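Have the structure open and follow along.

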Amino acid sequence: MIRLAILASGNGTNAQQISEYFAGSDKVKVECIIYNKKDAYVAERARKLGIPAYYHNRKDFYENGAVLNKLRDMKVDWVILAGFLWLVPEDMLKAYPNKIINIHPALLPKYGGKGMYGHHVHEAVIANHEKESGITIHIVDDQYDRGSILFQAKCILTDKDTPDTLAEKIHLLERDYFPVVIEKTVLQ
């Protein structure tokens, strides 16, 4: 059994979709969800799904090793970032080399980097009159949105698209592809 930990910062729609996708699997299991904002709705989603959820603050991630220790204690094999907004610390990158996967709501290398998440990305794409956008699923390294790309999916934009309509298109791509790409990658 391959054990996943999902790291999230907010609402948790991707965390829920991934968890539901693997709920009946005999090969992959979501072992826990770790979140870094006390009031993140992802904790409620985890509770409803029956998945252990743990809040950890910045000190736990960057100074005292509490998050890495939690991952080791739970025998986690892969770490999945699903709306997780902090740069992954060096000790975690070393403990999970090429085993941390992230999803980004744009076609990297465009619209990536610090501060480029969620609606900030969609607003920039619309402001620049792009003809397409999409998602990028990639391996995490020591910089925001720079790791090797595993998969990209595109959507076409029209002159009528707004950041909100683009967000809807991106959410559909995330739902359709993120769990499938995770499964393919971790089972290789």
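This is a predicted model: local features need pLDDT of at least 70, side-chain atom pairs count only at pLDDT 80 or more; totals for chains, interfaces and linings use all residues.

Residues are numbered from 1 along each chain as its sequence is written, and side-chain values use heavy atoms, with hydrogens and water left out.

Start with the largest pocket, which has a volume of about 850 Å³. Here a pocket is an open set of points on a 1 Å grid over the protein atoms alone, where a 1.4 Å probe fits, with protein on both sides within 12 Å along at least five of seven lines; lining residues have an atom within 4 Å of a point. The volume is the space filled by probe spheres set on the points, which are joined across faces, edges and corners. The lining has 39 residues, and G83, F84, L85, Y117 and G118 are the closest to the centre.

Two or more lining residues come from each of α1 (13–22), α3 (58–62), β5 (100–104), α6 (118–127) and α7 (163–186). Helices (H or I, at least four residues) and strands (E, at least two) are DSSP runs, numbered from the N terminus. The top contributor is α7, with four residues.

Now for the second largest pocket, at about 220 Å³. Its lining has 14 residues, with S19, A23, K29, V30 and I51 the closest to its centre. Both α1 and β2 (28–35) supply at least two lining residues here, and β2 gives the most, with four.
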